[in-house]
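Here is a short briefing on one protein chain. Please look over the fold first, then read the points below.

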Amino acid sequence: MIRKATWADAPAIASVHVESWKTTYGGIVPDAYLETLTVEEKQTLWEKVLRQSDHSVFVAEENGRVVGFVSGGRNRASDGSAAQYDGELYAIYLLKEAQGKGLGRQLVQALVGDLTQKGIHSLAVWVLTDNPSRGFYERLGGEKVAEERVEIGGKALRERCYGWQDIQMMN
């Protein structure tokens with residue numbers, strides 16, 4: 001089941017966020033950095049995010065338990081290739097056991113519907129080049145529009161931007 005997130009979902013979203021980072025980015029991002037991630041810190045972040053009316057957040061539930069989430073809104077880029085898009089998919093994470101069931105695609109579809117109602121018709125997403133789930137965006141029809149260096153936990157990494165000129169074409 002996919003539904004719009006509420007403030008009460010902040011603890012569950014925070015838990016998925018931290019767990020997903022640890023399972024997705026282990027061996028990519030320094031372990032010392034991953035060990036610093038806490039559910040409490042992310043819960044504070046998500047409580048703040050869920051109070052913002054311009055932020056779209058949806059959760060995926062299985063058996064009444066939040067197993068994934070997506071968030072997006074207006075594009076935060078002010079220059080470069082990514083700035084040409086109205087909107088941005090800020091984050092999408094699913095617990096490892098919830099992956100491969102179509103929930104990611106359903107979360108994106110819910111986000112696209114909400115963003116379209118807010119007048120957003122194109123979308124960008126930044127993803128670590130070494131992220132094993134990067135192909136998800138390619139399967140949705142995302143085109144590579146930029147790549148840049150980022151630093152996480154003191155390690156230099158590459159991040160790729162995928163874009164969709166028309167989010168209704170995300171398949």
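Among contacts in the chain between residues at least 6 apart in sequence, 65% link residues at least 24 apart. The model is predicted. The chain holds 5 helices and 7 strands.

**Fold order**
- Read from the N terminus, the elements follow the order β-α-α-α-β-β-β-α-β-α-β-β.

**Size and packing**
- The radius of gyration of the chain is 15 Å, which agrees with the value near 16 Å that a compact globule of 171 residues would have.
- The C-alpha trace spans about 35 × 35 × 30 Å along its principal axes.
- Of the 171 residues in the chain, 49% are buried.

**Surface and charge**
- The chain has an accessible surface of about 8600 Å².
- Carbon and sulfur atoms account for 47% of that accessible surface.
- The chain carries 20 positive and 23 negative charges.
- The mean positions of the positive and the negative charges lie 2 Å apart.

**Strands β4 and β5**
- Strand β4 covers residues 87–94, and strand β5 covers residues 123–128.
- β4 and β5 run parallel and are joined by 2 bridges.
- In this pairing, Gly87 stands opposite Leu123 of β5.
- How many of the 6 residues of β5 are buried? The count is 5, and the strand is mostly covered.

Technical notes: Residues are numbered from 1 along each chain as its sequence is written. This is a predicted model: local features need pLDDT of at least 70, side-chain atom pairs count only at pLDDT 80 or more; totals for chains, interfaces and linings use all residues. Side-chain values use heavy atoms; hydrogens and water are left out. Helices (H or I, at least four residues) and strands (E, at least two) are DSSP runs, numbered from the N terminus. The radius of gyration is taken over C-alpha atoms; the globule rule is 2.2 Å times the number of residues to the power 0.38. Buried means under 20% relative accessible area, exposed over 50%, partly exposed in between (1.4 Å probe, protein chains only). Contact means heavy atoms within 4.5 Å. Accessible areas come from the Shrake-Rupley method with a 1.4 Å probe; for residues, only the protein chains shown count as cover. Lys and Arg count as positive and Asp and Glu as negative; His and the chain ends are not counted. The place of a charge is taken as NZ of Lys, CZ of Arg, CG of Asp or CD of Glu. Two strands pair if DSSP finds at least two bridges between them.
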